[in-house]
Amino acid sequence: GLEFIEAVHLFDVSPDQVEVVIHPQSIVHSLVEFEDNAILAQMGTPDMRVCIQYALTYPERKPSQAESLDLFGQKLEFLNYDRTAFPLLEIAKKSLKTGGNLPAIMNGANEEAVALFLDHKIGFTQMFDLVIDTVESINNA
């Protein structure tokens, strides 16, 4: 959900212009489709160090400690997302549609939920419930 919000702001597009797909291999980090229907992919090993490094060194490209991607023998799958398996995506979409500071509130609720989980105060799935309850309580106020 947070990556959805990020993509909308990063590329200055409407939420309707962002499509979410599940890529289990985590090799394709992003896809951009242009007006001519050509698609460019940013691919690499399932290691966020390259993406983070690029964000910190932009516009330069520096050597990375991440492994080089070997495409031979790789299988790339793209699946539709399951709304029940990813409940925060729907909340993110709702937050963007509502606008204002609701996306920031969602992010803050997520940060607090992760902190509670890491402190062993809530279970994994309770993080989702906490974020959803927070956003819905603000949105319905």
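**The pocket and beyond**

Analyst: The largest pocket holds about 2,200 Å³ of space. This is a predicted model, where local features need pLDDT of at least 70, side-chain atom pairs count only at pLDDT 80 or more, and totals for chains, interfaces and linings use all residues. Residues are numbered from 1 along each chain as its sequence is written, and side-chain values use heavy atoms, with hydrogens and water left out.

User: What counts as a pocket?
Analyst: Work on a 1 Å grid over the protein atoms alone: a pocket is an open set of points where a 1.4 Å probe fits, with protein on both sides within 12 Å along at least five of seven lines. A cavity is a set where the probe fits but cannot get out. Lining residues have an atom within 4 Å of a point. Points are joined across faces, edges and corners, and the volume is the space filled by probe spheres set on them.

User: What's the lining like by class?
Analyst: The lining has 32 nonpolar, 8 polar and 6 charged residues. Ala, Val, Leu, Ile, Met, Phe, Trp, Tyr, Cys and Pro count as nonpolar; Asp, Glu, Lys and Arg as charged; the others, Gly among them, as polar.

User: Zoom out. How many helices and strands are in the chain?
Analyst: There are 5 helices and 4 strands. Along the sequence they follow the pattern α-β-β-β-α-β-α-α-α. The C-alpha trace spans about 50 × 40 × 30 Å along its principal axes.

User: What share of the residues is buried?
Analyst: Of the 141 residues in the chain, 21% are buried. Buried means under 20% relative accessible area, exposed over 50%, and partly exposed in between (1.4 Å probe, protein chains only).

User: What about the largest nonpolar core?
Analyst: That core has 18 residues, and Met-106, Val-131 and Val-135 have the most contacts inside it. H1, H3, H4 and H5 each give two or more residues. H3 gives the most, with 5. A nonpolar core is a set of buried Ala, Val, Leu, Ile, Met, Phe, Trp, Tyr and Cys residues joined through side-chain atoms within 4.5 Å.

User: What does Met-106 contact?
Analyst: Leaving aside neighbours within four places in sequence, its contacts include Leu-2, Ile-5, Ile-91, Ser-95, Val-131 and Val-135. Contact means heavy atoms within 4.5 Å.

User: Ser-95 is on that list. Where is Ser-95, and is it buried or exposed?
Analyst: Ser-95 sits in helix H3. Ser-95 counts as buried because its relative accessibility is 0%.

User: New topic. Why does Asp-47 count as buried?
Analyst: Its relative accessibility is 17%, so Asp-47 counts as buried. Asp-47 lies in the loop between S3 and H2. Its side chain makes a polar contact with the side chain of Arg-49 (2.6 Å). A polar contact is a pair of N or O atoms within 3.5 Å; within protein, one must be able to donate a hydrogen and the other to accept it, and residues adjacent in sequence count only if both atoms are side-chain atoms. Not counting residues up to four places away, Asp-47 touches His-29 and Ala-66.

User: And Lys-62?
Analyst: Lys-62 is in the loop between H2 and strand S4 (79–80). Lys-62 is partly exposed, with a relative accessible area of 43%. Its side chain makes a polar contact with that of Glu-60 (3.4 Å).

User: Where is His-120?
Analyst: His-120 is in the loop between H4 and H5. At 73% relative accessibility, His-120 counts as exposed.
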